[in-house]
Structure formats: C-alpha cells, structure tokens
Amino acid sequence: MRNLILLDLILHRKFLLPFGGIYAVWVGFYASRVESPRLSVFVSTFLCCIIPLMIFTREDKFKAAAVSCSLPVTRKQVVLSRYVLGWAMMLVVYAVIVLIAAAFPGGKLKTGDILSLNSIFLALAFLTIFFSILMPLLVRYGMVGMFAFLIGLQVLGAVVLFLSARKILPFSVKGIIVSIGRALASLNAHLGAPGYYLFLVAVLLALSAASFALSLFLFKRKDL
Amino acid sequence: MPNILEIRNLSKDYGDFKLKNVSFELPRGTIMGLIGPNGAGKTTVIKLILNLIRRDSGTVRIFGLDNLGDEAAVKSRIGFVHDTPLFYDRLRLKNLKAQVAPFYEKWDENLFQRLLREFDLPPGKIFAKLSRGMKMKFALALALSHDADLILLDEPTSGLDPVFRRDLLSRLSAIIQDETKSVLFSTHVTSDLERIADSITFIRDGEIVFSTGKDDLLDRWGVIKGGNDLLTDETAKLFKGFRRREFGFEALTDDAAAARRRFGESVAVDKVTLEDIMFFMTRGDRRV
C-alpha cells in the first residue's frame, strides 16, 4: 500500500504542489470571508475533498490503471491506498484552509468558531459524507461519472423545486428540507455531549466502511 | 515438465464478443506463441491472466497458485508488456522506473540500466516523446528487469524495427534457457514465432482452435496445391481451409502425409507456415 500511495503522490506532485497550494490558500481566503462558521465549514470541506478526487481522475486521463493493476498489487490494496491517501490529503488541505481562514487579515470568522470541537466534528462529518459518496462513483465511472452525478443532483433539485412550485408533487419538499434542517440543528445543539461525539464518530466510520466496501465491490468488477 | 501457467475453461462475455471455455497450458522453460486474427481474444486472455478484466468462469493457475487468490504474489513474478504501452506519459523514463521498481523485490537496477543502454533509451527522456517502438522497448526493459518467471507479451514486436525484433527474440530465447522461466507471446508477426516458439496456441472467435507444439505443427501440416477438378465436396472435408483460384486451388491440411497418399503426384505439398495457417483458418473458403 505504501508503494501505491507513493506512486500517486509522486505521479501527481507537479499538479499537487502548485495547484493544491494555490487552491488551499484561495479556499482559506474564501472561508475567511463567510460570516457563518457552519457555511464556511460546509463549503471548505466540499472544495477540500475535490483535491484527492481530482488526483484520482488523472489516472483515467492517462489511461494508466491497467499498468497500475498489472503491478504486484490486489484491487483491494489499490482501493485502500486511495482511501488512505484521500483522507490524508483532505486532512492536510483542510488544516491549511482553516489556518489561513483563521489567520487571514480582515476575516469575518473568529478563530474559535472554526477551531472549536464542534466545527472540527462538523468538518469531519462533511468530509466523510462527500468523500464516501463520490469515491465509489469515481472508482467505477471515473471523472465523467462523478461530474454526471453532481450535475444530475442539481438537475434533479431544479426539477423537484419546479414540480413542487406547481404543486404537482404528492409531498412537500419544503417539509423535507425543514426536517433535515431541524435534524442538523438538533445534532449541532447536542454536539457538545460526549455521547453525541461518539455516536457521530461511529456513524462516520460506518459510512466510510460502507463506501470502501462499495468502491471495492465496483472496482473488482471494473474491466481495465 | 510442470506447467507454469494452466488455464481451464476461461470464459468472458462482453456482449458483442465472447471468450469461450479457453483452456491451455504453458510448460516451464518454453515459449508459447498466441496467434489469431484481430479481435480473436488474445488480449482478453492476457488481461484475464493479469486479472485486469473479470472472468465469468474458469480458472487461471500460475506457478501453481490461483491468479485471484494469490494475486500480488503471482504478479510479482510476472513481467508484462501490454499491446499499447500506457504509462503516465509526462514523466521521464527514470521517474517511471522509480515508480515501478519498488513493487518488485527482485528488481535488478544494474540489469535495467544495461537494458536502457542497449535499447538506446535516454533515462531523462519524457515518455510521451518516445516513438511507439521506443515505448515498447521501455516496457520491455521494465518487464525484463525483475527476474520474472513468466513473461507475458501482448504484441511486443509491433512498431519495432527488424533488427531490434531479432535482438528481442534472442533475449527471450536466452531467458528460458535455464528451464525455469516461460514466455507467452501474442503477435501477428508469425515469423517471429517460427524462430523462437516451442508451442503455438491459435485462437479464433474467442475459442481455442489448437494448442500444440510448433515443430510438430509445421512438420505435420501442409499446403496442398492442385487443379480445381480435385477440389470436390468430399475432398474439401479433408482440409482445414482452402482457396480456389482460376488455375487451381490451395488448401491447408493438418495431415500432409495423408494428403500425399490420397492425391499422389497430382498435387504439390508445400511446407506450411504459421501465416498460412492463420490465413486459411480465418479467411480461406469453407465451401466448394
């Protein structure tokens, strides 16, 4: 697995160092301009998880997966190395973003807002959700699949809102959004309790494990 | 002689193409040529051996190990060259080598450097800037530098000049001399196989037509040439394939001696080449 991680890191170093650095600074600057800590965390984590995903799409671009998988590795090792590297990159990039957001002159966020335990757990939750959903798509369908999913979600959202506005849908979209909002607000309100942290960590681990199992299942069936 | 590779009833269905119950063995210390027309399934077989595509059924045992259950251990002893050498093409050769070498315990850096020199490959050159032949040479250098026990070559000589092709064939012959290593070599350049192969496996439309010793094949089979009056419904059944021309016919037989006995002096019986076999068995007429 170590060799696979090094392989990815070295292969993409020319992309990572300049682009990843500038990107992290830019997102950090952007995050410092947002007044709501939760919105700042949400946007930063999403943009942060794009970095490892972009790296993994580069293998599609070079069509080099057949060579990587001809080396003495199993498909499980390939997928596991992607998850480990992906998480390591997201954590490093997010740490840079947070530091920049906290230290940038004229920022609208207080340092305590984005470095609090709540914000850190919220960031972990968002990172897990984004990465866990997008990785299986990326592993199986590549860059096209991932973007098709993201665009598809937006189109679906637009269609649902359109139908909802015309009262064609048999359910209330607003009610669903409000319920989700309440659930998140409730989770956020209780995050201070150790039991909730443990519960959240357990859920995130379960989500990551499910995502890894799905990615592995899909990758084992992928013809290279 | 124990087999280094054993394939049993290997099948793969792509929808528009099916590999059907492919079975053959590659004995230790031999070179096998895998021949067949375009789209016959040669690359599919090699990819299935490397687990690059998912098989529908069948087994592949390499060094006595299952190629899925012991995937990493098996692959560490395989040197491979794909028909299209795809690497991260913006990297220099020395950097590409630095990516691949750590995966192999038996990586021989001195041998790799020597091969680079002998193949005229500049380590500082960017992979994308190499010609197809040079890319193939680089893939070969990687495949030959870790003391692999099984070397899988998918169309390795395409794009190579005749001088280097001969050089490569000599190297492959040298590799199997200690009788512990084997080579599976897919190619359209059948003359290469006539020089070095010990056995030939012919695949057509996803099915193995035959898998046999090369010398036996070339000794036993023949090309018959005779007048069109000799080619009837009955005699056509004796042939693997034939071609009728204005002034006579040519036909492929798997028993040249029997054909001589049957037709006597009225036909000429020529020695067969692998190219003849491929031609008659893929493009020759089937009906009189």
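F121(A) and Y197(A) are both buried (under 20% relative accessible area; exposed is over 50%, partly exposed in between; 1.4 Å probe, protein chains only). In this predicted model, local features need pLDDT of at least 70, side-chain atom pairs count only at pLDDT 80 or more, and totals for chains, interfaces and linings use all residues. Residues are numbered from 1 along each chain as written, chains are lettered from A in the order written, and side-chain values use heavy atoms, without hydrogens and water.

**Aromatic pairs**

The whole structure holds 18 aromatic pairs over all chains. Rings of Phe, Tyr and Trp (its six-membered ring) pair if their centres lie within 6.5 Å; planes under 30 degrees apart are stacked, over 60 edge-to-face, the rest tilted. The ring centres of F121(A) and Y197(A) are 4.3 Å apart with planes at 40°, so this pair is tilted. F42(A), F46(A), F126(A) and F130(A) make up one aromatic cluster.

**Salt bridges**

A search of the whole structure gives 22 salt bridges over all chains (a side-chain nitrogen of Lys or Arg within 4 Å of a carboxyl oxygen of Asp or Glu). Among them are these:

| Pair | N to O distance |
|---|---|
| K12(B), D223(A) | 2.8 Å |
| D66(B), R55(B) | 3.8 Å |
| K97(B), E109(B) | 3.1 Å |

K12(B) is buried at 7% relative accessible area. D223(A) is partly exposed at 31%. R55(B) counts as buried at 19% relative accessibility. K97(B) is buried at 14%, and E109(B) is partly exposed at 27%. A salt-bridge network links R77(B), K106(B), D147(B), D149(B) and K181(B).
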